Amino acid sequence: MAIISVFRIVVVSVLGAILVSCVSVPEKQQYADITFQHLAPIKLDVGEIRVINEFRSPLKAPHVEHELPVKLDKSIQRWSQDRLRAVGNSNAYAVLTIKDASVVEKELPKTTGLTGLFTKDQVVSYEFNVNVELQVVTINGSKGLALAQARREKSISEEATLNERDRLYFNQTEIIMQDFDKEMEKNIRNFLTPFLR
């Protein structure tokens with residue numbers, strides 16, 4: 001009798017190990033950097049372009065920008081490398097300042113009661129924010145300033161997987177960076193005309 005019990009335990013243990021090995025964890029997706037090399041550079045009559053990141057993520061809820069597969073502030077820095085060119089006046093410099101590159105998570109109300117059992121809610125909304133200024137300063141004291149802000153909001157279903165959430169993060173980062181690029185280029189051409197080459 002004891003031998004049969006031991007045999008059962010061994011069989012159950014082996015079957016359990018086989019089942020556990022069959023469960024596969026989905027592989028985390030990798031995302032490429034968001035670039036702007038396909039666009040014509042914006043040539044500034046300055047000797048140097050500096051980038052200052054004033055945004056500091058709290059690294060805690062409701063902020064989630066540190067969880068993005070491609071970070072917003074790094075994408076703005078990449079935009080500066082790809083789109084801005086210092087092509088002239090050594091007596092002038094430009095400073096691109098990142099004021100905001102946040103993503104804030106907001107809980108949405110869930111359907112309650114019997115209806116809630118059959119409803120797949122959008123349970124969380126993510127608000128993406130970009131706020132950047134570009135200032136040009138010359139040695140003789142003249143200055144120019146262009147600002148760009150962009151905001152996007154997107155919700156996600158309660159059934160979404162972590163990979164689906166990361167895909168949403170990446171897609172929204174890509175879209176808001178396109179919004180930012182258009183807004184900043186328009187304002188550079190409107191407000192920094194004397195400093196363009």
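## A walk through salt bridges and rings

Start by selecting Asp-45, which is partly exposed, with a relative accessible area of 21% (buried means under 20%, exposed over 50%, partly exposed in between, using a 1.4 Å probe and protein chains only). You're looking at a predicted model, where local features need pLDDT of at least 70, side-chain atom pairs count only at pLDDT 80 or more, and totals for chains, interfaces and linings use all residues. Residues are numbered from 1 along each chain as its sequence is written, and side-chain values use heavy atoms, leaving out hydrogens and water.

Arg-197 lies in the segment after α4, and Asp-45 in the loop between β1 and β2, 152 residues apart (helices, H or I, of at least four residues and strands, E, of at least two are DSSP runs, numbered from the N terminus). Arg-197 is exposed, at 58%.

Next, pick Arg-83 and Glu-185, another salt bridge at 2.9 Å, N to O. Arg-83 sits in helix α2 and Glu-185 in helix α4, 102 residues apart. Arg-83 is buried, at 2%, while Glu-185 is partly exposed, at 22%.

Last stop: select Arg-50 and Tyr-93. The charged end of Arg-50 sits over the Tyr-93 ring, 4.0 Å from its centre (NZ of Lys or CZ of Arg within 6 Å of the ring centre and within 35 degrees of the ring normal).

Methods: Salt bridge = Lys/Arg side-chain N within 4 Å of Asp/Glu carboxyl O.
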